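These are my notes from one pass through the model.

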Amino acid sequence: MAESRKQIVPYGSWPSPLSAARVTTGGLRLDQIQLDGEDVYWLEGRASEGGRNVIVRRTPSGEITDVTPPGFNVRTRVHEYGGGAYTVHRRTIFFSNFDDQRVYQQDPGGVPQPISDAGGSYADFRVDVPRSRLIGVRERPPSPTGSGAAGAVNEIVAIPGDVLVSGADFYSDPIVSPDGKFLAWLQWNHPNMPWDGTELWVAVINPDGSTGSRETVAGGSEESIFQPEWSPDGALYFVSDCTGWWNLYRWRGLAIEPVHRMEAEFGKPQWTFSMATYAFVHEDRIASTYSEHGAWHLALIDPNGRRFTPLDLRVEPVESIKANGDAIYFIGGSPTEAPAIYCYSKGGQLRVLRSSVSDPIAREWISVLEAVTYKVGDRDVHAFYYPPTNPDVAAPPGTQPPLIVVTHGGPTGATLDVLDPKVQFWTSRGFAVLDVNYSGSTGYGRPYRDRLKGQWGIVDVEDAVGGAKGKVAAEKADPERLIIRGGSAGGYTTLAALTFHDTFKSGASYYGISDLEVLQHDTHKFEARYNDTLIGPYPETKDIYRERSPIHFTDRLSCPIILFQ
């Protein structure tokens, strides 16, 4: 329809077929791909089943079936955020059940049977094939005389409970070498989060299955190691940010050597277990994903020939890469395509195995984002801008749209440039959206990530405010209709922006944090010392916690705000 023939309707009141029900009903949360022979497995989080997580299998013939029977929910509480809740070996499934946190074994065609005791949570499962046993991370609750949630005990165990490694505050990625002789893992201690500093260890596995002599391979209190993996030929690969960028390295028992150095991120903040950004296609070929300028890409790496070959895909590989022969599987999406399970095979064929949406949005209704970088003081800030988009209407000449500034959770995390129907709900109605990767976000190198240290509630808020002001200056937003919204840590940024600045005219906080001291006293072990880095040690810096808590300054609020808690 020509612009001149469109109906003229004010921004923010455009008619749209994208109802709230349409953009939320029937959606799937896809996660954790696993391969077993030629079968492909993944997790589906289903809102239609109360958020239940179900293991799904796809056979080579294309048949897709649920593996997890009704009554079971595949999810773990380890590190609070879970992940790594199942694995599969020769069609036998091992998984953590959410209700009782026990580990269950489900043989082909059988009923799940518990194989762990109650009283602990388990995650990050790996099968130790030479010994026919299951290895994982166990988190036991604190003793009655312990120091609250922070006193929980984390260990690497052979399930049902033989302790293999203990003593550190946190563990992840227990992996057995192909010859069965060595166990590698990651560990770290308070006050670090895994993106601050982790250590990569390797231990000898004794004949009785216990661990023997061990050594630290890489990492430390200021070096973050991510996703150790044994290659088929027995070399240990891992991602390190020792240069300021998460890059891929290799250790073959002597010196550590870089596989490919690049100003790009081959790792992620390890909020959950079993996160993967690379997989072995063959021993001399790696399929690797990496983030550059906020966008994810796929490349093939020859670690011996030092060849790096980017692949031109129409989608971004954003999660859970696995490889089997010449087939590469990942969760991907694009600015015009919602997340889906993809298979990339030899010859460049790209197939969708499962989409996260049942009712795709027609292309003409999709607002295609623009990656933007703007200045706040002397620092660059990155974001994605979505203009109002509607094929049937236009706004009155000389007017600007209301702008919604979105602040992601974490705060150490990132927003992706992948189609989100909930954003399109707003843009189709004549709202602009600015989704901000504020200082502290990942995907732009460690210095960008470290900006938030000691500055949470300051630089993230300034970046959100600066983004809104920039769009007003560019005549892409109405200064009288600026809105901010965010969830969890992003909810805190939202509340702080509304309390300590007068830029925004309304806001929405989704389970946001209003009192930082309450958060400090009532949190789980994984984040028990997170605020030491973001704000300062408590109670030594108690005054700062109070100064940055919106709950103490409600008299400064002078605009409508809605709270979802």
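**Nonpolar patch.** I began with the surface and noted a nonpolar patch of about 230 Å², made by Leu 557, Ile 561 and Leu 563. A patch takes residues with over 30% relative accessible area and no salt bridge, joining like charges within 9 Å and nonpolar side chains (Val, Leu, Ile, Met, Phe, Trp, Tyr) within 5 Å. Accessible areas are Shrake-Rupley values with a 1.4 Å probe, and for residues only the protein chains shown count as cover. I placed Leu 557 in the loop between helix H8 (542-547) and strand E37 (561-564). Helices (H or I, at least four residues) and strands (E, at least two) are DSSP runs numbered from the N terminus. Leu 557 counts as partly exposed because its relative accessibility is 30%; buried means under 20%, exposed over 50%, and partly exposed lies in between (1.4 Å probe, protein chains only).

**Basis.** The model is predicted, so I took local features only at pLDDT of at least 70 and side-chain atom pairs only at pLDDT 80 or more, while totals for chains, interfaces and linings use all residues. Residues are numbered from 1 along each chain as its sequence is written, and side-chain values use heavy atoms, with hydrogens and water left out.

**Cavity.** On a 1 Å grid over the protein atoms alone, a cavity is a set of points where a 1.4 Å probe fits but cannot get out; a pocket is an open set with protein on both sides within 12 Å along at least five of seven lines, and lining residues have an atom within 4 Å of a point. Points are joined across faces, edges and corners, and a volume is the space filled by probe spheres set on them. The largest cavity has a volume of about 80 Å³. Its lining includes Trp 195, Asp 196, Arg 449, Asp 450 and Tyr 530. Helix H3 (446-450) and helix H7 (530-534) are the elements that give two or more residues to this lining. H7 gives the most, with three residues. I sorted the lining of the largest cavity into four nonpolar, three polar and four charged residues. In this sorting Ala, Val, Leu, Ile, Met, Phe, Trp, Tyr, Cys and Pro count as nonpolar, Asp, Glu, Lys and Arg as charged, and the others, Gly among them, as polar.

**Second largest pocket.** I recorded a volume of about 1200 Å³ for the second largest pocket. Of its 39 lining residues, Gln 34, Leu 35, Arg 126, Glu 229 and Lys 322 lie nearest its centre. Strands that each supply at least two lining residues include E2 (28-36), E10 (121-128), E18 (225-230) and E26 (316-324). By class, this lining has 20 nonpolar, 12 polar and seven charged residues.

**Salt bridges.** I counted 30 salt bridges, each a side-chain nitrogen of Lys or Arg within 4 Å of a carboxyl oxygen of Asp or Glu. Arg 449, already listed in the cavity lining, pairs with Asp 241 at 2.7 Å, N to O. Arg 449 is in helix H3 and Asp 241 in the loop between strand E19 (236-240) and strand E20 (247-251), so the pair ties together parts 208 residues apart in sequence. Both Arg 449 and Asp 241 are buried. I also noted Glu 257 with Arg 252 at 2.8 Å, N to O. For Asp 420 and Lys 422 the closest N and O atoms are 3.6 Å apart. Asp 420 is partly exposed at 27% relative accessible area, and Lys 422 is partly exposed at 49%. Elsewhere, bridges with shared partners join Glu 44, Arg 46, Glu 49, Arg 52, Asp 66 and Arg 354 into one network.

**Backbone.** Most residues other than glycine have a negative phi, and most peptide bonds are trans. I therefore logged the exceptions below.

- His 190 and Pro 191 are joined by a cis peptide bond, omega about 5 degrees; Pro 191 is in the loop between strand E15 (182-188) and strand E16 (199-205).
- The bond from Gly 410 to Pro 411 is cis, with omega near 5 degrees.
- Arg 90, not a glycine, has a positive phi of about 55 degrees and is exposed at 68% relative accessible area.
- Glu 475, not a glycine, has a positive phi of about 60 degrees and lies in the loop between helix H4 (459-473) and strand E35 (482-487).
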